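Dear colleague,

I am passing on the structure below, together with some notes on its architecture. Please read the notes with the model open beside you.

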Amino acid sequence: MEIKTITICGGGNAAHTLIPILKNNFQGKINLFLPYKNEADCFIRLVREKKSIIAIKGEKKLYGRPDKISRFAKEVCPDADLILLLLPAFAHESTLCQIASFLKEEAIVGAIPARSGFEYATLKILKDYRQEKVKIFGLQTLPWACRIREYASKVEILGEKRSVGLAAFPHKITFKLANILTRLFNLKIEPLPNMLTLSLANIGQILHPGIMYGLFKGNEGRRYRKEEIPLFYHGVTKETAQILEEMSNEILILTKEIQKKDKYIDLSNVFHVEDWLINSYRDSIQDKRSLQSCLVTNEAYRGIYAPMREIGEGYFLPDFQSRYLTEDVPYGLVVTKAIAQLAEVKTFIIDEVILMTSKWMGREYLVNRYLKGKDVKESRIPQNYGINCIEEIMSY
Ligand code: NAD
């Protein structure tokens, strides 16, 4: 597994962060695939002007720029040994369809973060494009909390996780790949035994829709002045923390039920949300006594506000088209619900959060507690890819 060329797909916060990090740890070539809007033209022009992207983490500065940028997959994919999708989950499939025909037979494609159900969609696309030899992987989360400060020029790394889990298919490449990425990212990448772990242990599906539900249920139509906009993580109340606990407990019950079906499946890395936070952010959490205190005293979450949209005259409304919902419900909670449906496990709180947040988004996933809504076809549930039994899900 020799990595000489890496192609990054996406030009957002994550891509801005990874380019300088890779440049400091990798001698090979970095390509950037930017088919979205006019990102490629803009990026090419700005990188030419500014020379380098600077990633700032406290006092530390890292510099780097991609070697080649294109809006066309055929120009930046055929030589890639490793392709990294640094994209919101709703852009995975369209991007994979654009790159699939140009992949090397031995290429490895991974999503950072994978969110839920990445393997169902990706393996189906690779099969459709007769690229079954291409290997896939996903990371459990993005290792960095990061925000672009100047496009194609400056990004701030607000926080860094201590370690992040990686699952791959076929499973046999997991350890080697985790070692390579540990070196490339300069951060501990932990091997996970299977891709089902990524779906069940997708922490965004709990935190993002769960906190939105806690913040805005009953306040949907409230207009906020700028100074009233709540902090997202640091604004979590005891009641919201309770909802997050219950969502996490339902996922743990589902995990146990799956393990009962096959005692050899290893799902030991599906943690309770509080344990995951402590594990991932140990050094930046000041008070570890409860889930609420872990969230509100986590330095990495400082200054992150609830997503809002301005409606004029200095007023704001909650933004229900934010990725915290449009990504983490159909590519997170709804997938978990689908797995629970196949395992015949009931999920009362998760259902309630899906129902409420999908209403806010103008979507319909659940009807009478079943995934029969009109928008289910746009979610990444296994059933949409012809997978209708829990045993198949357990094999990836
Ligand atoms: P971003 O919004 O900054 O960038 C997304 C990039 O994806 C865009 O620049 C574009 O290149 C591409 N894109 C967006 N919509 C697209 C579409 N419809 N079709 C094709 N391409 C499209 O996102 P980000 O902050 O870099 O986040 C990437 C992933 O990491 C997301 O899943 C996000 O939820 C996750 N994440 C981000 C952070 C963070 O701090 N930035 C933290 C945790 C997780």
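What follows describes the sheet, the helices packed on it and the nonpolar cores.

This is a predicted model, in which local features need pLDDT of at least 70 and side-chain atom pairs count only at pLDDT 80 or more, while totals for chains, interfaces and linings use all residues. Residues are numbered from 1 along each chain as its sequence is written, and side-chain values use heavy atoms, without hydrogens and water.

The open sheet has 8 strands in the order 5-2-1-6-7-8-11-12, with mixed pairing (strands are DSSP E runs of at least two residues and helices H or I runs of at least four, numbered from the N terminus; two strands pair if DSSP finds at least two bridges between them). Strand 5 (68-70) and strand 12 (188-191) are the edges, and each has a single partner strand, so one side of each is left without a neighbour in the sheet. Strand 8 (residues 135-139) and strand 11 (residues 163-169) are antiparallel over 4 bridges, and phenylalanine 137 has alanine 168 of strand 11 as its bridge partner.

Helix 1 (residues 13-25) packs on the sheet, touching strand 1 (5-9), strand 2 (29-33) and strand 6 (82-85), where contact means heavy atoms within 4.5 Å.

The largest nonpolar core has 100 residues, with Leu85 and Ile258 making the most contacts inside it (a core is a set of buried Ala, Val, Leu, Ile, Met, Phe, Trp, Tyr and Cys residues joined through side-chain atoms within 4.5 Å; buried means under 20% relative accessible area, with a 1.4 Å probe and protein chains only). Helix 13 (residues 329-342) gives this core its largest share, 8 residues.

Best regards

Conventions: Axes fitted to C-alpha atoms, helices over the stretch in contact; angles between N-to-C directions. Buried < 20%, exposed > 50% of the residue type's maximum accessible area, 1.4 Å probe, protein only.
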